[in-house]
Structure formats: structure tokens, C-alpha cells
Amino acid sequence: MKVSLSWLREYIPIDLDPQEISDRLTMAGLEVDGVESLYDYLDNVVVGQIVQANQHPNAETLTCCGVDIGTGELSPIVCGAPNVREGMYVACALPGAVLPGDFKIKKSKLRGEPSHGMLCSAAELMLADDASGIMDLEGEFVAGTPLKSALKLADAVFEIDLTPNRPDCLSLIGVAREIGAFTEPRNKVTLPDVTFSEALMDSRNIHDFVSVEIEDPELCPRYTAGMLFDVKVEPSPLWLKQRLEAVGLSSINNVVDITNFVMMETGQPLHAFDYDNIAQSKIIVRTAGKPGDAPLEFTTLDSKTHKLDPEMLMICDGDKPVGIAGVMGGENSEITDATTRVLVESAYFNPVSIRRTAKRTGIGSDASHRFERGVDPKGTMFALKRAVSLMAQLCSATIAKEIIDENPVNAQPVTIDLSPEALNVRLGTSFSADEMAQILASVEFGVDKKEDGCLQVHVPSFRVDVARPEDLSEEVARLWGYNKIETSYPLVRAKGQPLAARLVLRGKIRRAMTGFGFCEAINYNFIRKDACERMGIDESDKRTRMVEILNPISDQMAVLRTSIVPGLLEAMARNTAKQVDTLQLFEIGKIFYDKGPGEQPEEVEVIGGLITGYRWDQTWYSKKEAVDFFDLKGVVQGLMDSLQISGVIYEKIDADSCPYFQPGYGARVMRDGLILGTLGKIASDVGAAFGLRQDAYLFDIDMNSLEKSVPQAIQAVGLPKFPSISRDMTFIVSKRVEVGAMMDAISAFAQQQALIEDYFLFDVFEGRSIGEDKKSLSFRIVYRSVSKTLTEKNIKKIHDQLSQKLINDFNAGLPG
């Protein structure tokens, strides 16, 4: 929201400098992002005095001037203005100046004579409408004085970043009201006079020309309209153009500019219709259709065609729609140079309805921005009268008698009972009831003191954000000054509470994963509706039960995610598109399953991780080596070890459970029969659907199952006193035999033998020498006794028994 200081001064006297205003507005909750000087384009424009004025030797209409610009030498400037004369003070744009319209001044020659600048008219400097000649600065000036200083031109434009709960400040009057609250003495806003002069009134009555019918009063509680005759549509006067351009709006014509001016002034959007394009002299406020009707096509003022859902509110005439209510008017009733009769609309629309319509149509207008936040329900009439009055003055028009005011649902005033004691407790302050009343009255709240000492506060209609005592507490705090509220601490000593187990677990996971070199990703909980389809998940799968968002930000965020996989894959796609080919990401977040209409979705917390690229970059001493499935498995196992979770096994997963994994490259993470999660290599077709250009490996683990597996207590044992002894065993087995199954068999055997301390696989070999469908697996068994040093004799029998058991159980052979 842009606000001009000189425009603000039309409603309230302001003696503060722009920086102080900026600081105070920010502290009052209206954050000022920046302050811009409005006349910066005059930086290289100075006062000059014409000392010489001679006829141009090569052009009858040009004059060669010698201009004193305060440098001690006359500057040669060629001028074509008819009013140029010796001795006059003028506005001189020096080389390097950039005038409105991006007109750059530089040294040049005109018809062979040098010209080192430009003598400017008031219109060229956007200071007045007069373009008939150069500015004649009457009075005594000093040549070379900057024009801004000489004419005392000063204006500042504030860029205010408003929060959605302050729609009242989407207007100059609203901001002026806020400034008045911190001026000394406190000033109230002076509203412009909106009474109609008898000289501007027409004898014709508006009710003889148009009628208004509201079919849906819940969506449009109030609709007012005024009418003007003999309207002359032409360019706006300079002061109106300046006002609009100062706040970032472009001038169109006097009628449209007035509606924009009043909208910026009051915060009430308006719309002007060409009355002669209104069929059957009717305005009907209704929805675009009935439920089940086909979408309606409608062309708006920007010449774009939109499909409108049946529930969207429209402004219609007797035959057709002429505007999308509160969003944008139609091309079929816009103001043109041929317009002579204008119907002006000022209405109050349901904010939720406007928000939904603007979102679905993709139209973000200044009007919808205000309506969807809530305008003053009682301000429609004032804004209408203001606009009609200005149009009568600036468009040489006359005003129809009376004003249409259809108001089927009256806005109810809001009254709040406020306890001074409760407010002081809430803020940690010690205000008296009178002090609170004075603070609230500074922004036009009505306050009555009750017999019990409480305050009865009457909320002004323009403060649609205030509805409860807590809102009034915020008003008192911000107007008094948040920075004045002292920090206080409870008198009772606080007892420390242990953190929730889930919070502790998240912290451990984050420390472990970052220790492995992973970066944490934070993705939206919203994903595309076709995410499951892109992952190849069947319709019968639980993950297809998605919760749809009613008003999604975009089609990329249409549903709540049922898997953490899509977010990680899309994060990888964005990174690889920017040539980041090695990536390690993890995310802790929730997934959601739909439980049916009216039910809250089931929320499940999961952790997901993804790796892609290379183990290390290429150097002079090593080559690039791509990561594979076992790198991912090592990360998962490392995470389990860091959480002291033992007994984790990895089982081959069937293709239907995780169709997004490449067949043969997916596994289920298990412990004591409990499924912790899955891991695997993303299938090439799934990767292509997500825009991946290289292999990706991904795991996802259920946090509830993981938390159940974390041991509640850890037992410690003393360090061994006696050395260990290791023996290896190698078997040739079918490729279909899972290493995990053999490890389970060794584990079961080791539990019965106290001497076996550890065991692990240390080598795998496949090749023609052992057969196409065979593989060689080598295990190392570590033996140790707690009471003596072991010898070969002590372990031979146990080692032979274990070897024979594996040969029998897995039909294994020994190397030849």
C-alpha cells in the first residue's frame, strides 16, 4: 500500500518529518518498508535566469538563450517557447536530468546552435497543466538554486506492508486516522464534504432509469448506486493524475480515475458502468448459475475470458452479466469516450465469496484485495456520494435525484465489554480505565464507563478486525507502544519439565543425519493430485486416500500428501536442474490419510531420506564412484545404530507394496516382526515422471514404529580382558538366497553359544568360475571368552557346527 504524505495532509494536519512518521507507523503495527521522495526527478533541475535571448539564425520559431545557472558562466540553451524573454526566472533541466516519461536531457545542437539543457514548461515537469510555454517563476530567486528548494516542493510516499487484519488501512483516510493517534495534540480526521450542490443536480430521478435487485443478500448485504447525465469522458486534470501516480496507479480517464481515487481515499472499491449498455434498465446481483450448471464464460475489462463457477457472485443487467462482483467489471459495459450516462456502483460483498472468486478466476485486482479482507459495511454510501460529487465537478455532469440504497441485511454494531483489570494482567501494565478510554478514542472507538468499573467499547464499523476483548488489548498495546511494555517474569520458580520423547527422538535423528552429511529439507505438506499416479501406486492402496484442498494455492498443492517420497523427488529434480548432481537430503514430516467427509485426516509422522550422485568427487588420486543401494542401506543402519536399535533386518519387498522402487532393489526394514520402513532405488519410469536425470535412492521410516523400537534403557558391560579370535567361513549358494536369512541363522546359533561375540559378512563374489546362478559369501565369526584366552581347540567344534548348519539350511557348497 503506497501512501502520499501530501495527500494525507488533506485529511489531518501533520508536522512530523517522514522518517518519524515511518518509525511511529511501524511501531503501531503498520510496517513501513520504505520512504520515497516524490520529486526525485527534479534533482538536476535548477532555477535559471535568462540573461540573453536572441533569434536563432536558422529557425524563426527558436530562440538562443544565455542562461545563468549559478556557475559563473552563461549556459547556451535553445528554446522554442513563445514566452521566453530576458530577465525571467525559469526551470532549467541540466544535462543528465531524466524528466517524466523517461525523457533524458543531454548536450546537443539544434539547427547548428549548441544547447546544454532544456527550459521546461510546468506540464513537462508534472507541476501543472500549462504546456503553452516555459515556467515563468515570478518573484526573486537565486540562479542555480535547486527547483525543489526554490518552490518548496516536498512530498514523501510511504510503502506500507499491511497485515491482512488491517483492511481499514488500505485507504488514505485509514492511515491518516492512525497518524492522528500519535500526533500531539491528537487530531481527528477531517472527511471531505460529500453534499451535492444544487447547481450540479438534475431534475431527473434515478428510480425512473434503473432498478436494483439483490437475489442473494448473504453474499451482497448492501448495494448502492448513483447516476450522472451529460458526462464528458476526457483526460483527468493534472492534480488527479499526480495523486494516482504517487500511489502507483495509472491514469485512464476522468471517470475511471475518480473511482480509483475514491477507492484509495476511503478503501471502498467502486465501479462505473456505461448506463446505455445496461439492458432493461436493471441491475441484478445474483450468482452465475445454479449448482450443476456448466461454467459461464465472461470477458473482463482486461479483455481476458474467464470460466465462472455457478456459485460466483455476478452483477447482471436484464439480459447478461456485466461484472464479476467485487473483482472486475465486464468489457461489455466499460466506460468509453462515447459514454454520456454513467451508473456508479458502491456495494458491500461477502469477503469469503470474493476471496473464493478471485482465487478461482486468478484475478487479483485492487478491488478484490480490499473486499476479501473486509470493507466498512457502512462506508458504501459515503464513498458513492464522494465519487458522484467529483464526477459532477470534473466531468461537467449533472447528478440524478436520489440514490439507490438496497440494504436487505443491516450491519450490526459491535459492542465489547472490556475489563481494565484483565487488560492490565494480559499486558503487564497499570492503565486506569480513563487512560484506556483515551487511547481507544484516539482511533475513533466509542467508550462508555459502566458502574462496575468496566468499559463498554463501541467498535467503529471500519474496524472489521475487532470483535473481542483480546483485540482491544492489542489496540491499547500498539497505540501506547509495544516497546514501552516492560518484561516481567513469574514470581513462582518454574520447575523444569523433561522434553517429550518424540522431541528428543527428532533431535537425535537430526544430529545423526547431519553427521552423515545430509541436509534437512522442509517441503510443503501439499502436493499434486496425480502424485500417486506418477509413483505407480494402485488405486486400492491406502496412499491414494488424499484430502483435497478447497482453495489450493496452485495445482501443484492440491492435496495433502500421503507419502514423503514426492517432496524429496521434486527437491532432487530442482537441485539437479541447477547442476547439483550429488545430493543427500532428509526430511521429518507428516503424511495424511483421508478418513471420510467431516473427519479429521489420520496424521502419521515419518522420516525420509534421499541420496543421489557420487560418493566423492573426481581428483588426481581417485575417480568418481556413484552411490548405490548399499550406501543408502548403510545410512539406515547407521541411523539405527545411533539410536541403539539392534536386531534390524532387511527383507526383500514385493513390487506391489512399493511400485516406485526398481524391481529387485527394494527392501523392508524390520525388527522383531515390526515394519519400520522401506528403502530402495527409484524406478526409472517414476524418476522420469518427476523429471529426474539420474539414479536416486530413497528410504522412509515410520516414526511411531521407530519410537517403539528405541530401547528405554541401555545396559553397560565391562571391557573384555582377554583377546578375541576370528575365523572365516565361505559358502557358495544360490543367488536367490538372501544374506539376511543366513545372518539370522548365525544369530540364532550365536544366542546358544556364549563364545560367539560378533559376526558379519565381509565379501561377496559372483562369476563364471562358480556358476551363473551362484554367489560366494564369506563371513567372519569373532569368538571371545570372559574367563580365559581361547585357542583353536576351544572354538573348532563350535565353528564346525555352525558351518554344517549353514550348509544344511541353505543347500550351500564349499569352495573347491
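User: How many disulfides does the count come to?

Analyst: In this predicted model, a disulfide is a pair of cysteine sulfur atoms within 2.5 Å. By this rule the count of disulfides comes to zero.

User: What kind of model is this?

Analyst: Residues are numbered from 1 along each chain as its sequence is written, and side-chain values use heavy atoms, without hydrogens and water. Local features need pLDDT of at least 70, side-chain atom pairs count only at pLDDT 80 or more, and totals for chains, interfaces and linings use all residues; the model is predicted.

User: Which cysteine has the sulfur nearest to that of Cys220?

Analyst: Cys220 is also buried, with 0% relative accessibility. Cys220 takes part in no disulfide. At 12 Å, the nearest cysteine sulfur belongs to Cys316.

User: Is the aromatic pair of Phe731 and Phe779 stacked, edge-to-face or tilted?

Analyst: The structure holds twelve aromatic pairs, and Phe731 with Phe779 is one of them. Rings of Phe, Tyr and Trp (its six-membered ring) pair if their centres lie within 6.5 Å; planes under 30 degrees apart are stacked, over 60 edge-to-face, the rest tilted. Here the centres are 6.5 Å apart and the planes make 50°, so the pair is tilted.

User: Which strands does this pair link, and how many residues apart are its members?

Analyst: Helices (H or I, at least four residues) and strands (E, at least two) are DSSP runs, numbered from the N terminus. Phe731 sits in strand S38 (residues 725–734) and Phe779 in strand S40 (residues 774–783). Phe731 is buried at 1%, and Phe779 is buried at 1% too. The pair links distant parts of the chain, S38 and S40, with a separation in residues of 48.

User: Which Phe has Arg534 over its face?

Analyst: A charge sits over a ring if NZ of Lys or CZ of Arg is within 6 Å of the ring centre and within 35 degrees of the ring normal. Arg780 lies over Phe762, 4.6 Å from the ring centre. Arg534, at 4.0 Å from the ring centre, lies over the face of Phe690.

User: Where is Leu238, and how far is its C-alpha from that of Ala128?

Analyst: Leu238 belongs to helix H5 (residues 238–246). Leu238 is buried, at 8% relative accessibility. Ala128 is 110 residues away along the chain, yet the C-alpha separation is 6.2 Å.

How values were computed:
Buried means under 20% relative accessible area, exposed over 50%, partly exposed in between (1.4 Å probe, protein chains only).
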